[in-house]
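Good morning. Please look at the model first.

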Amino acid sequence: MRATEGADRGLGSGDAETSVALVGAPNAGKSALFGRLTAEYADVSNYPGTTVETTAAALGSLRLSDTPGVHGISSFSEAERVTRAAVLEADAVVNVVDATQLGRDLFVTLQLTDMGVPTVVALNMMDEAEADGVAIDVDALESALGVPVVPTVAVTGAGVDKLRDRLPEASAPESTPIDSYYDALPDGVDATRAEKTLLVEGDEPTARRVGVPGLATDGGDAPLAAVGEREAVYRERRTRVRSIVDDVERVAASERAPEERLGDLLLRPATGIPIALALLAAVFYVMGVVVAQRVVGYAEGVLFARYYTPAVEGVVAGLLPASGWAAPVEFLLVNDNLGLATVTVRYTLGVLLPLVVAFYLVIGTLEDAGVLPRLAVVTDRGLGRIGLSGRAVVPLIVGMGCVTMAVVSTRMVGSRRERLITTALLGLAIPCSAQIGVISGLLAELGVVWWGGYLAVLLGVLGTAGVALDRTLPGRRDALIEQLPRLRLPRPTNVARKTANRTAAFLGEAAPLFGATAAAVSTLDYVGALDAVVGALRPLTAALGLPASFGRVLVLGLIRRDFAAAGMTDLALSASQTFVGLVVVTLFVPCILTMAMVLRERGARSALLVWVGSWATAFAVGGGVAAVLEVIA
Amino acid sequence: MVVALSEVPSDERVELVDVPDDECRARLLRLGLLDGSVECRRRIRNGPVVVRRRGTEVALGRSLAREITVERAPRDGAPQ
């Protein structure tokens, strides 16, 4: 196959499943164009082995897949690796180029043609370019690139039919200036033109895959000696980009657009920080108050408590005989802690579904508006103190609404390392809104001094844990290089379509996982293992100066955090006991839904780290606070 | 005059002459930020620096901005 490079690619190959990938910079309009081109149900799934979301749908007889936005085909991040793999697998590529950012986006276009990937360019956002006073000679661009170029406005659908018509013309020039660099490769390298291009650019995954002798060594220190080549190749390509842009683009002097002034306000700390705080407060209000408390409260308290649960309990009692063998089955299905037919369904549909929809609506809107990277910039300085970059601000705020959804949102945080720190802090010290409700009730009875003390302890733990993880985890902090997209009004149809697709994909994956966890915990409960845990906790609760019944509270907390806090209202505790108890339940392990999500997103090792770390921190800090209170009193 | 990017005041034009980290240099090169002069749009105190070239705005983290050496435009007649 490799010997006939090029011949096996392209839309004429006539394979059963011909695939086309949509490739371009973030916010260049890929997902809007994807929606226009397919207009049908799309599958959202994780790219195998990663947490990077990909979307695919039928386009006539072809399969069109959306890829994560990138500024180049390489392996600098998980998203880039996914896009690189998608480009190497695809039969052809639709390269979405932002017409207002020609000088930036043509780098990817030339990289694709250098790689010999059959390409059609969708020159998108032509309306904005026009409004900016940018005129582009499309014919000249087409002949300079050597591939079809179709002007489009994805949000209105202009040019989309033409793009569909010209897809079969996807092509790449026979040769490009990259050819002269291939000489640097050792003789007899068995690679396609795409792979050769990535090899001279020093792409390590490609070197490992192709197995270049002398270039790739197994786990050696300097696997690719070609880093110097990469820079030369990139510089040469930029030179070509500049000369093409000079030839085809005319820019008339234009007024500063209003959204640019808004962008300015967001970046200036004096205005940006209040705007960021207001936005984050709005996110918290929607997620934490409206949805997590009111909508979920109604669903749980009315829909499920009054109608669904009694009905299901009746049905189960009626179906199963009262004899001995049926008792465990009935317990598994309808117990009050995690019954498979009652509580599990209630959590999935009454709690998780509204939160998931709200979360994707909020995030989709902020994404579409181009606000998220700017939030990251203004908060970078503060979060830098606890080993995180500004990108972690959204998960931390969403976490005060629902820690489970926050764990999902850690996907937008850059590196694996940073994601692990964010997840650990979320699991440890961020109380979710359900818990905040009960906790503030208890603290209000104690008075404002205790409130302040509670906040101080939590922030102290958050900071200490962040710094400790930053120091101890291998690897180093990622340098922040964040491209700021233009601010735009979010498009409701785009946001709604993404929300529907993502929600369906999320629940399809999360519900079975949660069901399995619930069945396992119910089994433990039935055989008495949970009571044994309460017993085993006795020395620990005693060390904190708390009654043995607090152990029962903690076991409830294993399942759901607000249960633990609520359970405390039933105990007769002194002020300092209540305070210690609240600190412990806040720092204690995340709820069972969150743990299921950590397991899915971060894997078993990270989940174990978060879980065990939460036990240890909760008791260590709780014990410390108890000791301090004893001295003061 | 050669200084670190983190020292450049807002609204000044500079050329990024040295980015020590290989990967960061490649990423900035791709975005076209090493093609000539860029505008230092905003410097957030102890925070990231936002630079711009032809409508492409990129925020560079504080620690990275400290490592990047820039050449300040000679026509700059800023008062001392």
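Let me start with a hairpin: S3(A) and S4(A) form one, with two residues between them. In its turn, A:Gly60 has a positive phi of about 60°. The names S and H stand for strands (E, at least two residues) and helices (H or I, at least four residues), which are DSSP runs numbered from the N terminus.

Before going on, some housekeeping. This is a predicted model, where local features need pLDDT of at least 70 and side-chain atom pairs count only at pLDDT 80 or more, while totals for chains, interfaces and linings use all residues. Residues are numbered from 1 along each chain as its sequence is written, and chains are lettered from A and ligands numbered from 1 in the order in which they are written.

S3(A) covers residues 53-59 and S4(A) covers residues 62-66. The two run antiparallel and are joined by five bridges; two strands count as paired if DSSP finds at least two bridges between them. One of the pairs is A:Ala56 with A:Ser65. How much of S3(A) is buried? Five of its seven residues are, so the strand is largely enclosed by the rest of the structure. Buried means that 20 or more other C-beta atoms lie within 10 Å of the residue's own; exposed means 12 or fewer, and partly exposed is in between, with C-beta atoms placed from the backbone.

Two residues illustrate the other classes. A:Gly159 is in the loop between strand S8 (149-151) and helix H6 (160-166) of chain A. It is partly exposed, because 19 other C-beta atoms lie within 10 Å. Leaving aside neighbours within four places in sequence, A:Gly159 is in contact with A:Val150, A:Pro151, A:Thr152 and A:Val153. Contact here means that the C-beta atoms of two residues, placed from the backbone, lie within 7 Å. A:Ala281, in helix H11 (residues 269-319) of chain A, is exposed, because it has 12 other C-beta atoms within 10 Å. From A:Ala281 to A:Leu524 it is 243 residues in sequence and 40 Å in space, C-alpha to C-alpha.

Next, the domains. Chain A has domain 1 (2-169), domain 2 (177-251), domain 3 (270-478 + 495-505) and domain 4 (514-632). These bounds come from an automatic or database domain assignment. The centres of domain 3 and domain 4 of chain A, taken over C-alpha atoms, are 17 Å apart. Their contact takes 38 residues from domain 3 of chain A and 37 residues from domain 4 of chain A. Which helix gives the largest share of the domain 3 side? That is H18(A), with seven residues. The domain 3 side divides into 27 nonpolar, eleven polar and no charged residues. For these classes, Ala, Val, Leu, Ile, Met, Phe, Trp, Tyr, Cys and Pro are nonpolar, Asp, Glu, Lys and Arg are charged, and the others, Gly among them, are polar.

A helix pair comes next. The axes of helix H1 (residues 30-38) and helix H20 (residues 492-526) of chain A come within 11 Å and cross at roughly 80°. That makes H1(A) roughly perpendicular to H20(A). Axes are lines fitted to C-alpha atoms, for helices over the stretch in contact, and angles run from 0 to 180 degrees between N-to-C directions. Under 35 degrees counts as roughly parallel, over 145 as roughly antiparallel, 65 to 115 as roughly perpendicular and the rest as oblique.

Last, the two chains together. Their contact takes 30 residues from chain A and 29 residues from chain B. On the chain A side, H9(A) gives the largest share, seven residues. That side divides into twelve nonpolar, eight polar and ten charged residues.

Four bridges join S10(A) to strand S5 (residues 56-60) of chain B, and the two run antiparallel. Among the partners are A:Leu484 and B:Glu57. The open sheet has seven strands, in the order S10(A)-S5(B)-S4(B)-S3(B)-S2(B)-S6(B)-S1(B), with antiparallel pairing. S10(A) and S1(B) stand at the edges with a single partner strand each, so one side of each is left without a neighbour in the sheet. The twist averages 40° from one strand to the next.

That is where I stop.
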